[in-house]
Amino acid sequence: MKILTFSGATPAEALKKAQLEVGEEAMLIETREIQKKSLGKSALYEIVVGVEEDAPSRPKPRPTEPLREQRPLAQKSSDVLFNISEAAKQISKIAEVTEEERPTRSGVIQESEDLKLIKEEIEKLGDKVKLIQHMFWDEKAPKMQTAIPPEFAEIYRLAQQSGMDQEHLDQIMQLTLEHMPSKMRENSATVKRYFQVLMRKMIPVRMETAPKNGTKKVLMLVGPTGVGKTTSIAKLAARFSYLLEKKYKVGLVVLDTYRIGAVEQLMQYARMMKLGIETVVDPPEFSNALNALRHSDFILIDTMGSSPYDQGKIEKIYECLRANDTDYSVDVVLVMPSSIKYEDLKATYENFAPLGIDTMMFTKLDETRGFGNIFSLVYETKVPISYFSVGQEVPEDLVVASSDFLVDCLLHGYRRGESS
């Protein structure tokens, strides 16, 4: 066997040179990095291939013969990785056809020469797909203490593109590699299923519960301006009043007297659903408003929207909570839009945290494609999610939180009609 070496700025470039020189029958023996990329210098990779002595080398084109257009091995390595699974599916379908039983003679399965050739080509194609997958994953794989196998490429890409914090993603990958049985690592489908199960266990949710006899549930929605707190209050009110098995009595409290439109909107909802409603201007009035709604099973409190950095308005909400001298415990629900990046979600949470956040609610799920930011926030804070708002319709576009729903959105995007 003749041993040859070829070099290039990437393994793919070196492989392309080898294929042009000796054809596609060469056997890849080794790929190594001989020069790391640095300031003013590009990386240099070298591959070692073996060619049988009697194998004819590919003739070089004559000067007068026009060169055939060489299709790039890959336009982008991420595109190749993305299409690997699709190629594998096609290979599997063809393979299934070739394995079907055919008419037999004397109980022996006969295979035509054409089918044998097809099987041989499938095997060659499968080897090439694996080779390309390994080469590009070697270039793109994250630098971690434990090497991540190529079968993890698809799930890593999906999680990364979802907006998940890089540090959190690397931690989860490390956990997966430590605890995932080696048998399950052999294909990307089982890796994806295992990864989904692991993420579900990392998402805290607060299950919806009904008020116990003689008690009431008081929910205060807080958050930035324009996130949909008032609409969410209306959805919750309609849900508790009409959509559950038992029709509960619901009362509303409005702290947002700064925005006349918001007050009028909530009062209109209250009239339509025949709900009691109280307004609070100063913190001392807060307890009186709660007592006025003492016959309600649920009391929902709408608060003034404010910038996360407007500590004055946040302090006024805190004063209302501090002025509460009733026996009613108030659950504070932080409402945030799913359409902002993780760093902004985290900053919002940290600024509202002095109010004592019990659960989180995320709105505008129909306006984004990435949900890794939500996962990262709950993974970091360990504060459970209670509800998702997936549109403007009242009360239809409200989803009781579940880890299954969030993981499915993270990996596949929000799909209307599959939220219930």
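This is a predicted model: local features need pLDDT of at least 70, side-chain atom pairs count only at pLDDT 80 or more; totals for chains, interfaces and linings use all residues.
Colleague: How many helices and strands does the protein have?
Modeller: The protein has 13 helices and 13 strands. Of its 420 residues, 45% are buried.

Colleague: Why is K192 called buried?
Modeller: Its relative accessibility is 18%. Buried means under 20% relative accessible area, so K192 counts as buried. This lysine is found in helix α6, residues 188-201.

Colleague: What does K192 touch, leaving out residues up to four places away in sequence?
Modeller: K192 touches E154, I155, L158, L411 and H412. A contact requires heavy atoms within 4.5 Å. I155 and L158 are also among the buried residues of helix α4, which spans residues 153-161. Just after α4, G163 takes a positive phi of about 95°.

Colleague: Why is M27 called partly exposed?
Modeller: M27 has a relative accessible area of 46%. Buried is under 20% and exposed is over 50%, so a value of 46% makes M27 partly exposed. M27 lies in strand β2, residues 27-35.

Colleague: Which residues form a nonpolar patch on the surface with M27?
Modeller: I3 and I29 form the patch with M27, and together the three have about 290 Å² of accessible area. A patch residue needs over 30% relative accessible area, and M27 has 46%.

Colleague: What is the order of strands in the open sheet?
Modeller: The 8 strands run β8-β7-β9-β6-β10-β11-β12-β13, with mixed pairing.

Colleague: Why do β8 and β13 stand at the edges?
Modeller: β8 (276-279) and β13 (398-400) each have a single partner strand, so one side of each is left without a neighbour in the sheet. Neighbouring strands of the sheet are turned by 20° against each other on average, direction ignored.

Colleague: How do you know that β7 and β9 pair?
Modeller: Pairing takes at least two bridges, and 5 bridges join β7 (residues 250-254) to β9 (residues 298-302). These two strands run parallel. L252 stands opposite L300 in β9.

Colleague: Which strands does helix α12 touch where it packs on the sheet?
Modeller: Helix α12, residues 372-381, touches β10 (330-337), β11 (359-363) and β12 (385-389). The direction of α12 makes about 175° with that of β11.

Colleague: What share of the contacts with a separation of 6 or more comes from residues 24 or more positions apart?
Modeller: Such residues account for 70% of those contacts in the protein.

Methods. Residues are numbered from 1 along each chain as its sequence is written. Side-chain values use heavy atoms; hydrogens and water are left out. Helices (H or I, at least four residues) and strands (E, at least two) are DSSP runs, numbered from the N terminus. Axes are lines fitted to C-alpha atoms, for helices over the stretch in contact, and angles run from 0 to 180 degrees between N-to-C directions. Patches are made of residues with over 30% relative accessible area and no salt bridge: like charges are joined within 9 Å, nonpolar side chains (Val, Leu, Ile, Met, Phe, Trp, Tyr) within 5 Å. Accessible areas come from the Shrake-Rupley method with a 1.4 Å probe; for residues, only the protein chains shown count as cover. A salt bridge is a side-chain nitrogen of Lys or Arg within 4 Å of a carboxyl oxygen of Asp or Glu. Buried means under 20% relative accessible area, exposed over 50%, partly exposed in between (1.4 Å probe, protein chains only).
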